[in-house]
Amino acid sequence: KENIGNGVAYCPHCDGPFYKGKDVAVVGGGNSGVEAALDLAGIVKSVTVYEFLPELKADQVLIDQLYKRDNITVVKNVATKQVLAENGKVTAIEYVDRASNEIHQQALQGIFVQIGLVPNSSVVKGLVDLTKHGEVIINEKGATSEQGIYACGDVTTVPYKQIVVAMGEGAKASLAAFDYLLMNPVPVTEQKIKGEQAA
C-alpha cells in the first residue's frame, strides 16, 4: 500500500511506460498476469512473472506467447512476501519457494499486481444474473437480467477493467435507464396526489 505509485502498480497500460528499460515483476499467472507480462515485455528491460501455484492458470494460447518472449521469466510455486523499498522507491521483491521454504529476493524497479479482484456485487446477488466470478451480466446498453436495473463498470461483464471504460459504461447505462423511465413512467397513485395536496 505504501509503495503504490512509487514502484507498485495495478495497470500495465497506464503505468507500463514509466518503467521503460527497467526490470519489473508481475504477480499473478492467470490471464490478467500473463497479458500484463506480454504488454510490458515490449516496453521494459525484463519481466518476471510470479505464480503461487505450480502451473500458470492462464489460457494456453497466452502461455505459448509468454514463452516466445526472451525478456520474460516465469517463477512458479512461490508466494510473494513483501515489497522492499529505499527512499520511497521499490528496490526488490521478496518471495518464498513453496516447495523448499527458501526465501529469495530479486532486485527490480516495478511490481505489477495482477492477482484478480472479486467484484463487489453481493448487493445484487439473487436479484440479477451473475457470472461464476460474481460479475453482473449486462447487455450492450448496461441492462441486467432484471427489468429496470442497469449496471456499469468493473463489477460487470464489460471487458477491459479501466477507469475510462467504466466512465463510458456509466454514461451509457444512465442514458439507457433514462430511456427506460421515459418508456415506463411511474404511475401516479391517488394516495400520492392526496399527500401532495396535504403538504
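Helix α2 lies across β2, β3, β4 and β8, and runs at about 165° to β2. That angle is taken between N-to-C directions, on a scale from 0 to 180 degrees, with axes fitted as lines to C-alpha atoms, for helices over the stretch in contact. The model is a predicted one: local features need pLDDT of at least 70, side-chain atom pairs count only at pLDDT 80 or more, and totals for chains, interfaces and linings use all residues. Residues are numbered from 1 along each chain as its sequence is written, and side-chain values use heavy atoms, with hydrogens and water left out. Helices (H or I, at least four residues) and strands (E, at least two) are DSSP runs numbered from the N terminus.

Let me stay with α2. The helix spans residues 31-41, and its buried residues include Val-34, Leu-38 and Leu-40. Buried here means under 20% relative accessible area, exposed means over 50%, and partly exposed lies in between, with a 1.4 Å probe and protein chains only. What do the buried residues of α2 pack against? Their partners are α1 (12-15), β2 (23-27), β3 (46-50), α3 (60-66), β4 (72-75) and β8 (110-113), where contact means heavy atoms within 4.5 Å.

I turn to the sheets. Five strands, in the order β1-β8-β2-β3-β4, form an open sheet with parallel pairing; two strands pair if DSSP finds at least two bridges between them. The edges are held by β1 (8-9) and β4, each with a single partner strand, so one side of each has no neighbour in the sheet. Five bridges join β2 and β3 in the parallel sense, and Val-24 stands opposite Val-47 in β3.

An open sheet of three strands has the order β5-β6-β7, and its pairing is antiparallel. Its edge strands, β5 (78-86) and β7 (103-107), each pair on one side only, and the twist from one strand to the next averages 25°. Strand β6 (residues 89-97) is joined to β7 by five bridges; Ala-92 has Ala-107 in β7 as its bridge partner.

Next, the charged side chains. How many salt bridges does a search of the whole structure find? There are three, the criterion being a side-chain nitrogen of Lys or Arg within 4 Å of a carboxyl oxygen of Asp or Glu. Glu-51 pairs with Lys-57, with the closest N and O atoms 2.9 Å apart, and Glu-51 is buried at 1% relative accessible area. Glu-55 meets Lys-76 at 3.5 Å, N to O. This pair links distant parts of the chain, 21 residues apart: Glu-55 is in the loop between β3 and α3, and Lys-76 in the loop between β4 and β5. Glu-55 counts as exposed at 52%, whereas Lys-76 is partly exposed at 31%. Lys-172 and Glu-169 form a salt bridge at 3.0 Å; both lie in helix α4 (residues 163-183), three residues apart, about one turn of the helix.

Finally, the rings. There are three aromatic pairs, counted when ring centres of Phe, Tyr or Trp (its six-membered ring) lie within 6.5 Å, with planes under 30 degrees apart called stacked, over 60 edge-to-face and the rest tilted. Tyr-19 and Phe-112 have centres 5.4 Å apart and planes at 75°, so their pair is edge-to-face. Because Tyr-19 lies in the loop between α1 and β2 and Phe-112 in strand β8, the pair ties together parts 93 residues apart in sequence. Both residues, Tyr-19 and Phe-112, are buried.
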